[in-house]
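The paragraphs below take the packed pairs in turn.

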Amino acid sequence: MNSFEAQFVDKNEAALIQRVTSVMPIADELKNKGMIHAEKYAEIKAEVTNQGKMRKLFEAVESGGNRVKYDFYYALKHHEKFLFEELGGRVTAENTCEVDSKQNQQESMELL
């Protein structure tokens, strides 16, 4: 599975590390979905800067493969809307993030 979402995450890694400010809400969302283990979450939380947190978050995203990149993409869309749009993320109708999130949860459960 080499989805648009995974390609977006790969292509924009450097910009995301430098510019994402809502790191912990994104990490919280991924942790709650079981995409990040508690140990890695603690490492992310322990970092002092947003850039450091994002580097640790990307370690988890990369190790999880395209499935985690897919969920990261939609968490980013929800928590960093303007940056997401600026970097070329797909924007759809209002409240799509909620729908996408529910679909992602269902798809994640099917993969388990």
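A crossing is called left-handed if the near helix is turned anticlockwise from the far one by less than a right angle, and right-handed if it is turned clockwise. The model under discussion is a predicted one. In it, the crossing of helix H3 and H5 is left-handed. H3 covers residues 23-32, and its axis lies 9 Å from that of H5 at an angle of about 55°. The two helices H3 and H5 are therefore oblique to each other. From H3, the contact draws on Val23, Met24, Pro25, Ile26, Ala27, Glu29 and Leu30, which meet Asn50, Lys53, Met54, Leu57, Val61, Asp71, Phe72, Ala75, Leu76, His78 and His79 of H5. Sorted by class, this contact of H3 with H5 comprises 12 nonpolar, 3 polar and 3 charged residues.

The form of H5 itself deserves attention. H5 has 30 residues, yet its end C-alpha atoms are only 14 Å apart, whereas a straight helix at 1.5 Å a residue would reach 44 Å. A bend of about 130° is found in H5 at Gly65.

Helix H4, formed by residues 38-46, also packs on H5, which spans residues 50-79. H4 passes H5 in a right-handed crossing. On the H4 side the contact is made by Lys40, Glu43, Ile44 and Lys45, and on the H5 side by Lys53, Lys56, Leu57, Glu59 and Ala60. The contact of H4 with H5 contains 3 nonpolar and 6 charged residues, with no polar ones.

The remaining pair to consider is H3 with H4. Here the packing angle is about 175° and the axes are 11 Å apart, which makes H3 roughly antiparallel to H4. Val23, Met24, Ala27, Asp28 and Lys31 of H3 meet Ala38, Tyr41, Ile44 and Lys45 of H4. By class, the contact of H3 with H4 holds 6 nonpolar and 3 charged residues, and no polar residue.

Methods:
Residues are numbered from 1 along each chain as its sequence is written. This is a predicted model: local features need pLDDT of at least 70, side-chain atom pairs count only at pLDDT 80 or more; totals for chains, interfaces and linings use all residues. Side-chain values use heavy atoms; hydrogens and water are left out. Axes are lines fitted to C-alpha atoms, for helices over the stretch in contact, and angles run from 0 to 180 degrees between N-to-C directions. Helices (H or I, at least four residues) and strands (E, at least two) are DSSP runs, numbered from the N terminus. Contact means heavy atoms within 4.5 Å. Ala, Val, Leu, Ile, Met, Phe, Trp, Tyr, Cys and Pro count as nonpolar, Asp, Glu, Lys and Arg as charged, and the others, Gly among them, as polar. The expected span of a helix is 1.5 Å times one less than its number of residues. The bend at a residue is the angle between axes fitted to the seven residues ending there and the seven starting there. Angles under 35 degrees count as roughly parallel, over 145 as roughly antiparallel, 65 to 115 as roughly perpendicular and the rest as oblique.
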